[in-house]
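Student: Could you walk me through this structure, one feature after another? I'd like to learn how to read it.

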Amino acid sequence: MTKITVAALQLAFGEDTVANIRNVAELVREAHSKGAEVVLPPELFEGPYFCRVEDETLFADARATAEHPSVLAMQELARELKLWIPTSFFEADGPHHYNSLAMIGPDGKVAGIYRKSHIPDGPGYEEKFYFRPGNTGFKVWNGPHHSTIGVGVCWDQWYPETARSMMLMGAEILFYPTAIGTEPHDPDLDTSRLWRRAMVGHAVSNVVPVVAANRIGTEHGQRFYGHSFICDERGDMLAEFGADETGVLVATLDLAAAKKHRAAFGFFRDRRPELYGRLTQDV
């Protein structure tokens, strides 16, 4: 098979971890009922987006992969429904803390961990206080029907290097779980259109479908703007939400067609890696 059905979830989150995970699980079941084989929840869905402030008590919420409630719940669900569920969570690894993603397969096992590479720091998004920069490198994973899927986490989605790196590793679909909304330092700045354009740009310049899942709702005065979407390899929208909808986006992607189009565009044929050394010089 060359066609894969994917889903992105969009919903709001409160203080009750059990309720948040239950709400995500309900939408995963809905996505499964609509044929989805890979289901993407938003970033850090166990609770409110806590990185808006620096609070040392919140480190207590981090857990090892094998103990994190989000991971454990999605493992059970993936095993039951035979799904792939890329699961974002706050990871504790000894004295270290990461914004991590567990790739959970249809056997319910964690195929591996990706630790978010790019860590933002600014008003309302003070992640550098909580997370070390990821040390896993970019990752791709085996997906349905012998496909290869790549996953970046939130701030990673702005970087063309993230998308291109995963493509060079063989990715055929790019997924981005996200928590992004209003900018406390500039209430007039609506980055939702920029956010979309950046990822649609990755789709076009890599000729690859993109799936993005964001949260909604207002948390302590910070409004998360949704606009989750699924686009094809030409950047055309296959399914999309606005700023307020709760639910499931589902689309079927033709990976064989994307592969053909990717070859025809010649972006990877015409690359000149010998000219790109400046990209890896930290000067």
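Tutor: Let's start with a strand. In a regular strand the side chains alternate between the two faces of the sheet. Here, strand 11 (residues 210–213) sends Val210 and Ala212 one way and Val211 and Ala213 the other way, and all are buried. Buried means under 20% relative accessible area, exposed means over 50%, and partly exposed is in between (1.4 Å probe, protein chains only). Strands (E, at least two residues) and helices (H or I, at least four) are DSSP runs, numbered from the N terminus.

Student: What kind of model is this, and how are residues numbered?

Tutor: It is a predicted model, where local features need pLDDT of at least 70 and side-chain atom pairs count only at pLDDT 80 or more, while totals for chains, interfaces and linings use all residues. Residues are numbered from 1 along each chain as its sequence is written, and side-chain values use heavy atoms, with hydrogens and water left out.

Student: Back to strand 11, then. Which way does strand 10 run beside it, parallel or antiparallel?

Tutor: Two strands pair if DSSP finds at least two bridges between them. Strand 10 (residues 173–177) and strand 11 run parallel, joined by four bridges, and Phe175 stands opposite Val211.

Student: Where is Val207, and what is its phi?

Tutor: Val207 is in the loop between helix 4 and strand 11. Its phi is positive, about 50°, although Val207 is not a glycine. Val207 is buried, with a relative accessible area of 1%. His146 has a positive phi too, near 65°, but His146 is exposed, with a relative accessible area of 81%.

Student: How many salt bridges are there?

Tutor: Side chains of opposite charge can pair when their charged atoms come close. The rule for a salt bridge is a side-chain nitrogen of Lys or Arg within 4 Å of a carboxyl oxygen of Asp or Glu. By this rule the count is ten. In one of them, Arg196 meets Glu240 at 2.5 Å, N to O. Arg196 belongs to helix 4 (residues 192–206) and Glu240 to strand 15 (residues 237–240), so this pair ties together parts that are 44 residues apart in sequence. Arg196 is buried at 14% relative accessible area, whereas Glu240 is partly exposed at 44%.

Student: How far apart are the closest N and O atoms of Glu43 and Lys116?

Tutor: They are 3.1 Å apart in that salt bridge. Both Glu43 and Lys116 are buried.

Student: How much space lies in the largest pocket?

Tutor: Rolling a probe the size of a water molecule over the atoms shows where empty space is left. On a 1 Å grid over the protein atoms alone, a pocket is an open set of points where a 1.4 Å probe fits, with protein on both sides within 12 Å along at least five of seven lines; lining residues have an atom within 4 Å of a point. The largest pocket holds about 370 Å³, the volume being the space filled by probe spheres set on the points. It is lined by 18 residues, with Gly47, Pro48, Phe50, Leu58 and Asp61 the closest to its centre.
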